[in-house]
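User: I would like to learn how to read a protein model, one feature at a time. Could we go through an example together?

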Amino acid sequence: MNFSGKYQVQSQENFEAFLKAVGVPEEQVQKAKDAKGTSEIVQNGKHFKFIMTAGPKVVQNEFTLGEECEMELMNGEKVKTVVNLEGDNKLVTHFKNIKSVTEFSGDTVISVSWLAALCA
């Protein structure tokens, strides 16, 4: 499956609580919770480029499936992680105490992140 495309955020459930739990400053939480962001994905084989836009904030990350990479989070923090393909339509990664799954289904993308402490 090729994941290339441009996607618009339609809804964000428990997003504000998640941002606060991972330590995003209150000012950024207030800006982020109301921003209807977009994600653009360019895939070339196992190599991906993600461009995420939320209001004035633009973050670009590149990675190759199964290889360690450095990613910038929306709060500007940089983390090392490995992104793996699960099945034929899910990108899965873990960093810090967070698990992130991005699932593609037709022209819809569902992105879910869990904080380990909230799921225990």
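User: Is Phe48 buried or exposed, and what is its relative accessible area?

Analyst: Keep in mind that this is a predicted model. Phe48 has a relative accessible area of 0%. The cut-off for buried is under 20%, so Phe48 counts as buried.

User: Which ring does Phe48 form an aromatic pair with?

Analyst: A pair of aromatic rings is described by the distance of the centres and the angle of the planes. Here the partner of Phe48 is Phe63, with 5.1 Å from centre to centre and 10° between the planes, and the pair is stacked. Phe48 sits in strand E3 (residues 47–54) and Phe63 in strand E4 (residues 57–64), so the pair links parts of the chain 15 residues apart. Phe63 is also buried, at a relative accessible area of 4%.

User: How many aromatic pairs are there in the whole structure?

Analyst: The search finds five. One of them joins Phe3 and Phe104, whose ring centres are 4.2 Å apart and whose planes meet at 45°, so this pair is tilted. Phe3 belongs to the segment before strand E1 (5–8), while Phe104 belongs to strand E8, so the pair ties together parts that are 101 residues apart in sequence. Both Phe3 and Phe104 are buried. One aromatic cluster is formed by Phe3, Tyr7, Phe48, Phe50, Phe63 and Phe104.

User: Now the sheet. In which order do the strands of the open sheet stand?

Analyst: Strands of a sheet pair through backbone hydrogen bonds, either parallel or antiparallel. In this model, five strands form an open sheet in the order E5-E6-E7-E8-E9, with antiparallel pairing. E5 and E9 are the edge strands; each has a single partner, so one side of each is left without a neighbour in the sheet. On average, neighbouring strands of this sheet are turned by 30° against each other, direction ignored.

User: How many bridges join E7 to E8?

Analyst: Strand E7 (residues 90–95) and strand E8 (residues 98–105) run antiparallel and are joined by six bridges. Two residue pairs show how to read this: His94 stands opposite Lys99 in E8, and Lys90 has Glu103 in E8 as its bridge partner. The hairpin of E7 and E8 has two residues between the strands, and Lys96 takes a positive phi near 50° there.

User: What joins E8 to E9?

Analyst: Eight bridges join E8 to strand E9 (residues 108–115), and these two strands also run antiparallel. Val101 stands opposite Val112 in E9. This hairpin, too, has two residues between the strands, and Gly106 takes a positive phi near 65°.

User: Where does Gly76 lie?

Analyst: Gly76 is in the loop between strand E5 (68–72) and strand E6 (78–86). With a relative accessibility of 32%, Gly76 counts as partly exposed. From Gly76 to Lys57 the C-alpha distance is 9.7 Å, and the two are 19 residues apart in sequence.

User: How many helices and strands does the chain have?

Analyst: There are three helices and nine strands. Along the sequence they follow the pattern β-α-α-β-β-β-β-β-β-β-β-α. The radius of gyration is 14 Å, close to the 14 Å from the globule rule for 120 residues, so the chain is as compact as a globular protein of that length. Its C-alpha atoms fill a box of roughly 40 × 30 × 25 Å along the principal axes.

User: What share of the 120 residues counts as buried?

Analyst: The share is 29%. The accessible surface of the chain is about 7,600 Å², and 49% of this belongs to carbon and sulfur atoms.

Technical notes. Residues are numbered from 1 along each chain as its sequence is written. This is a predicted model: local features need pLDDT of at least 70, side-chain atom pairs count only at pLDDT 80 or more; totals for chains, interfaces and linings use all residues. Side-chain values use heavy atoms; hydrogens and water are left out. Helices (H or I, at least four residues) and strands (E, at least two) are DSSP runs, numbered from the N terminus. Buried means under 20% relative accessible area, exposed over 50%, partly exposed in between (1.4 Å probe, protein chains only). Two strands pair if DSSP finds at least two bridges between them. Axes are lines fitted to C-alpha atoms, for helices over the stretch in contact, and angles run from 0 to 180 degrees between N-to-C directions. The radius of gyration is taken over C-alpha atoms; the globule rule is 2.2 Å times the number of residues to the power 0.38. Accessible areas come from the Shrake-Rupley method with a 1.4 Å probe; for residues, only the protein chains shown count as cover. Rings of Phe, Tyr and Trp (its six-membered ring) pair if their centres lie within 6.5 Å; planes under 30 degrees apart count as stacked, over 60 as edge-to-face and the rest as tilted.
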